[in-house]
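Here is a short report on the fold of one protein chain. Look over the sequence and the model, then read on.

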Amino acid sequence: MTTIGIIGAGEVGSQIARAAISSGYDVVIANSRGPHTLAVLIDELGPSSRAATAAGAAAAGDFVVIAVPLKLVNDMPVSELAGKIVLDTNNYMPWRDGRFPLVDSGEKTVHELRQAHLPTSEVAKAFTHIEAPRITTAGLPAGTP
Ligand SMILES: NC(=O)c1ccc[n+]([C@@H]2O[C@H](COP(=O)([O-])OP(=O)(O)OC[C@H]3O[C@@H](n4cnc5c(N)ncnc54)[C@H](OP(=O)(O)O)[C@@H]3O)[C@@H](O)[C@H]2O)c1
């Protein structure tokens, strides 16, 4: 697996892109406004990166990171993500995203709701516990005691 699709190019998505490229991956990254709005980021990331639509990043990735807040109505590309592992960085922030009654009642986590939005993908929670700036500064090599 050498290409990571990253949907979301904000604080977390851009940081995961930087970390991934420094570890030898290629990234295809998307935001909501279109690839042309990511020129500055792609210039910074260099030749191992390219911008795409969300569907394009999903299709290109061997696995895919979703660094986008969960919405009540699914805005992720279901068919392009089918059969893929999806790492979901979302944290539940009702003041930002609105309330999800199933989360408030304790019946579901936000990641289970993302899984319900993406029934043909395998969704895993990832990078939710770390502030975005630390993604590129807090890592240690595998095997570090
Ligand atoms: N910031 C942190 O330190 C941190 C740490 C851990 C987890 N998290 C969680 O990770 C998620 C992302 O946080 P963030 O801080 O990176 O948010 P952010 O800076 O606001 O970035 C969100 C990104 O999502 C994109 N986006 C929104 N809807 C989209 C869609 N339908 N298709 C493609 N891209 C879409 C936005 O694109 P546009 O700008 O074009 O709209 C933007 O690039 C949140 O759920 C947050 O709770 C954040």
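## Elements

The protein has 7 helices and 6 strands. Helices (H or I, at least four residues) and strands (E, at least two) are DSSP runs, numbered from the N terminus. Their order from the N terminus is β-α-β-α-β-α-β-α-β-α-α-α-β.

This is a predicted model: local features need pLDDT of at least 70, side-chain atom pairs count only at pLDDT 80 or more, and totals for chains, interfaces and linings use all residues. Residues are numbered from 1 along each chain as its sequence is written.

An open sheet of 6 strands runs in the order 3-2-1-4-5-6, with parallel pairing. Strand 3 (49-51) and strand 6 (122-125) stand at the edges; each has a single partner strand, so one side of each lacks a neighbour in the sheet. Two strands pair if DSSP finds at least two bridges between them.

Strand 2 (residues 26-30) pairs with strand 3 in the parallel sense over 3 bridges. Val28 has Arg50 of strand 3 as its bridge partner.

## Helices on the sheet

Helix 1 (residues 11-22) lies across strand 1 (3-7), strand 2, strand 3 and strand 4 (63-66). Helix 1 runs at about 170° to strand 2. Helix 7 (residues 110-117) lies across strand 5 (85-88) and strand 6, at about 160° to strand 6. Angles run from 0 to 180 degrees between N-to-C directions; axes are lines fitted to C-alpha atoms, for helices over the stretch in contact. Contact means C-beta atoms, placed from the backbone, within 7 Å.

## Overall dimensions

The C-alpha trace spans about 45 × 40 × 30 Å along its principal axes.

Methods. Contact = placed C-beta atoms within 7 Å.
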